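This report describes a predicted model.

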Amino acid sequence: MSVVIDSSITLAWFFADERTAAADAVLTHVAESGAVAPSLWRLEVANALQMAVRRNRIDSSFRDATLADLRALLVHIDAETDRQAWASTLHLAERFRLTLYDAAYLELAQRTGLPLATLDQELREAAGLLGVILLGC
């Protein structure tokens with residue numbers, strides 16, 4: 001079984017103050033079985049790490065090591081995300097008052113029938129209303 005991962009669960013793997021046993025279990029699963037993410041996942045993760053560097057939460061060597069660790073995981077980037085942006089994703093964002101970015105993860109999980117691993121509470125609530133299986137908390 002694969003899983004859709006979002007940036008919140010991904011970042012929790014690397015920041016001690018965000019880490020949970022459930023997030024670690026998702027990481028173990030991804031390391032063993034891989035995951036799926038929309039194309040924006042890489043941008044969101046890199047942006048969050050870069051913002052952490054700017055805020056002196058981490059240094060650039062930690063950022064670069066984190067990205068190297070993530071490159072080693074088998075994360076399939078979904079090619080359909082862009083095609084869904086102005087249709088299904090937009091409708092999910094509107095329906096559940098999500099950002100388009102968060103709605104992209106929800107759309108991918110719903111379309112593929114895969115569980116969604118996220119720590120984002122609003123995204124978890126929307127996924128629950130749609131019957132999407134949730135991991136990560």
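## Nonpolar core

The largest nonpolar core comprises 44 residues, and those with the most contacts inside it are Ile5, Trp13, Val30, Trp41, Val75, Leu106 and Leu116. A nonpolar core is here a set of buried Ala, Val, Leu, Ile, Met, Phe, Trp, Tyr and Cys residues joined through side-chain atoms within 4.5 Å. Buried denotes under 20% relative accessible area, exposed over 50%, and partly exposed the range in between, with a 1.4 Å probe and protein chains only.

Leu106 touches Leu92, Phe96, Leu98, Leu123, Ala126, Ala127, Leu130 and Val132, when residues up to four places away in sequence are not counted. Contact requires heavy atoms within 4.5 Å.

## Basis of the description

Residues are numbered from 1 along each chain as its sequence is written, and side-chain values use heavy atoms, with hydrogens and water left out. Because the model is predicted, local features need pLDDT of at least 70 and side-chain atom pairs count only at pLDDT 80 or more, while totals for chains, interfaces and linings use all residues.

## Helix H4

Helices (H or I, at least four residues) and strands (E, at least two) are DSSP runs, numbered from the N terminus. Helix H4 covers residues 60-72, and its 13 residues should span 18 Å at 1.5 Å a residue; the end C-alpha atoms are 19 Å apart, which agrees. The expected span is 1.5 Å times one less than the number of residues.

Arg63, Thr66 and Leu70 are the buried residues of H4. Viewed down the axis of H4, these buried residues fall within an arc of 65 degrees, so they line one face of the helix; the arc is that of the directions from the helix axis to the C-beta atoms. They pack against helix H1 (7-12) and helix H3 (40-54). The face of H4 turned away from the buried side carries the exposed residues Arg71 and Ala72.

## Positive phi in two loops

Asn56 lies in the loop between H3 and H4. Its phi is near 60 degrees, a positive value in a residue other than glycine, and Asn56 is exposed at a relative accessible area of 70%.

Arg97 is found in the loop between helix H5 (81-96) and helix H6 (100-112). Although Arg97 is not a glycine, it has a positive phi of about 55 degrees; with 75% relative accessibility, Arg97 counts as exposed.

## Salt bridges

The structure holds seven salt bridges, each defined by a side-chain nitrogen of Lys or Arg within 4 Å of a carboxyl oxygen of Asp or Glu. One of them joins the side chains of Arg57 and Glu18 (3.2 Å, N to O). This pair links distant parts of the chain, with Arg57 in the loop between H3 and H4 and Glu18 in the loop between H1 and helix H2 (21-33), 39 residues apart. Arg57 is partly exposed at 42% relative accessibility, as is Glu18 at 29%. Asp17, Glu18 and Arg57 are linked in a network of salt bridges.

The side chains of Asp78 and Arg111 also meet in a salt bridge (2.8 Å, N to O). Asp78 lies in strand S3 (residues 75-78) and Arg111 in helix H6, so the pair ties together parts 33 residues apart in sequence. Asp78 is buried, with a relative accessible area of 11%, whereas Arg111 is partly exposed at 33%. A further salt bridge connects Arg83 and Glu80 (2.7 Å, N to O); Arg83 is exposed at 58%, and Glu80 is partly exposed at 29%.
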